[in-house]
Amino acid sequence: MIPELGHYALVLALFVALVQSGVPLVGAATGNAAWMGVARPAAIAQLLLVLVAYGALTWAHVVSDFSVSNVVANSHSLKPMLYKVSGVWGNHEGSMMLWVVMLTAFGAAVALFGRNLPPTLKARVIAVQGMIGVGFLLFILVTSNPFIRVIPAPLDGNDLNPLLQDPGLAFHPPFLYAGYVGFSMAFSFAVAALIEGRVDPAWARWVRPWTLAAWSTLTAGIALGSWWAYYELGWGGWWYWDPVENASFMPWLAGTALLHSAIVVEKRDALKTWTILLAILTFSLSLMGTFLVRSGILTSVHAFAVDPARGVFILVLLGIATGGSLLLYSLRAPTLKAGGLFAPISREGSLVLNNLLLSTATATVFIGTLYPLFLDVLNLGKVSVGPPFFNATFIPVAIPMIIAMVVGPFLAWKRADLTGALTRLWSAAVATTVCVAIAAYITNGGGPLLALVGVALAAWAFFGSLAEFAERIRLFRVPLKDSWNRAVNLPRSAWGMTIAHAFMGIAIAGMTGTSAWQSEVIEAMKPGQTATVAGYSISFDSIGVRQGPNFTADEGVFTVTKDGKHIATLTPERRSYPVTRMTTTEAAIHTTWLSDVYVALGDPTQNGTAWIVRLYHHPLVPWIWIGAMGMMAGGLVSLTDRRFRIGVPERRRTPKPAMQPAE
Amino acid sequence: MTRKKRRLYMLGLALLGLGTATALTLTAFEDNIVFFFSPTQLQTQDVGDRNFRLGGLVEEGSVKKLPDGVTTEFRVTDTVNTVAVTYRGQLPDLFREGQGVVTEGRMAGGVFQAREVLAKHDENYMPPEVADALKEAEHFKATTQPLKTETVKKE
């Protein structure tokens, strides 16, 4: 009964979404306040209905209702409760449900908190959000209905892919989706602004918090996915330039550009048409990511099932959303009034450079990701484009980006003095040189030259950002107490920028360290044997069997020592899940926060007397995720800035008093 | 600065960026594209010592561990032709005889030395390249050996 209720709620949500995408739009065009007023209750009703549907699906998973085919395919009665709940989105249908939950939540948030938005803009934004909702609700109901029953009901389910039964991956999709879908807000605002024919600083101030929120959660989502790949796949890698990773990385790059160009619109009323275009492209890339991942044309853990109808449906959705909005853009963008002027060397100029480089980077990732698909579609052979391609194209673009990232905040708006900015960066330059010297000394010239470039960039980003902050609070130039007061009174967005930029430096250090100086040993080890990696000796003490809730595991016990001192005892596992007949590798990691010692237990070999063991030493690797979390924190701090409080910004020059509904 | 001049600067910068990106992409493509071949396609292909991907099914009964304990020998088949493969390292969790596999590496003395064996994450899932290669091989078989009864199990 409850699944049917969920199904019914979902159908109702579709009808509400249809109303929501039409009526307010007509109301805004004709100035009919009552029709515009439909937007708010519709958006809220849609959220509630989708929540009912999602709740019904979750209930079916939690109580293991095996008469629902989605539960049979992805759950098992013995599965731990955490994965029963997270398993709801650990499959195609459920993950699309999560997508619409996020989408409607964002729509309802505008409806509830966007009190100070001009009524026409608000009505239009919610209507566009409703259109996206129509598309995805139709998609679920037509191609991916999670509420289909199986009769007769089987006694037990097929269990969730064991690779997904992991805390890191349990929370990866919600963050990632919040990011993807969050960009739909920027998209809706952009389309609404195009319909209105007006973009001004107030508009940018409304768009920025949504973009910030989306960017922050997307950062967290990507970082969680990368962390999962690092410890769960047992190879110790953190990024493979896999198309699935690129699918989430492209919206991140474009979203980063959007975040920065919106600043120029807000502060200087310039770059308006470009920002609108970026908002459209960022969400289009999110949709494309969904298409790549969900259509099954890529081989990955995300391609749950190959059903051509789904791929075609998402492709059509992508075509309508991108094509339609770009058409509107080409019609309306030329009528938008251009704003403030600026010299190339200025804060605006640096943000333009940031945007150019980020777009270039996005384009190279885009080409590398889609080129093999195009060749395949045109039947020109099968190729793959791997990490060497992306390293060769992405890194040369990233280097000037990081250098400019530090200099930009030192430049004044409108017109700036580059030499002046550079002289104020001397302390950062000294710190960078010292870091490179230390790195060269420690590694004794080992590793590629590019590694030292990476260290330099990391240090430059970190110390340069701190130097900028010191400059703002006039550290050491006024008494410390005054500096403290200045720091406390700085806008939160300034804090946010410093935090995000500095942690970006930390992340770069982590990426560089592990890529350039990792050590790897693969050996067949018998209990009692010892192997050495990067100065750590790791002895294989024993192996035993452990019984988990829905798996059995071979559990190895390894002792890590360095110079005779006991460091840690590690227990990597090799789990086998009888229901899915799959084995997974649970690596054991000892971290010192400066480096990781990583042990993964492989197959038994030599008639079961020995095991293949992978041992790694990854210098600085934890910094990648510390850096990513710091960047996310920077975004969130910036989000708490007073002027972004949802609903706070008001248009300064309202041309006409807005119509009030007669109540 | 006039609006026109600013636009010119921006356009120049944008073109520079685009040019750099194109140049980078083209040079990187030349060196770094990895082709995919099935064992049958490999018969007619001169690969030299280029890096490429080989895919098909792991032949039943072909997987052998060498005495060093970490090197594995197996054969990849598309049901018409087979290629011997060696790989040093830990195989992915879902590597199994009779299952689809994609490996990356190069030929050395008639043996494919895999640098990487790509993991499949779901046992019901067949990499699309492998599925196509098998279909093609099946077609090849059907047209060249029409009298032989079916030996390939259809999906």
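**Close-up views of the predicted model**

**View 1. Helices α6 and α7 of chain A in the predicted model.** The axes of α6(A) (residues 92-113) and α7(A) (residues 119-143) cross at roughly 165 degrees and come within 10 Å of each other. Angles over 145 degrees count as roughly antiparallel, and α6(A) and α7(A) are therefore roughly antiparallel to each other. The crossing in which α6(A) passes α7(A) is left-handed.

**View 2. Residues at the contact of α6(A) with α7(A).** On the α6(A) side, the contact includes A:M96, A:W99, A:V100, A:L103, A:F106 and A:V110. Among the residues that α7(A) brings to meet them are A:K122, A:V125, A:I126, A:Q129, A:F136 and A:I140. By class, the contact comprises 15 nonpolar, 5 polar and 1 charged residues.

**View 3. The side of chain A that touches chain B.** Here 44 residues of chain A are in contact with 37 residues of chain B. The elements of chain A that give two or more residues to this side include the helices α13 (347-377) and α14 (387-407), together with the strands β1 (383-385), β2 (519-525) and β10 (595-605). The most is given by α13(A), with 7 residues. The side of chain A that touches chain B has 24 nonpolar, 15 polar and 5 charged residues.

Key:
Residues numbered from 1 in each chain as written. Chains lettered and ligands numbered in written order. Predicted model: local features only at pLDDT ≥ 70, side-chain atom pairs only at ≥ 80, totals over all residues. Contact = placed C-beta atoms within 7 Å. Helix = DSSP H or I, 4+ residues; strand = E, 2+ residues; numbered from the N terminus. Nonpolar A, V, L, I, M, F, W, Y, C, P; charged D, E, K, R; others polar. Axes fitted to C-alpha atoms, helices over the stretch in contact; angles between N-to-C directions. Parallel < 35°, antiparallel > 145°, perpendicular 65-115°, else oblique. Left-handed = near helix turned anticlockwise from the far one by under 90°.
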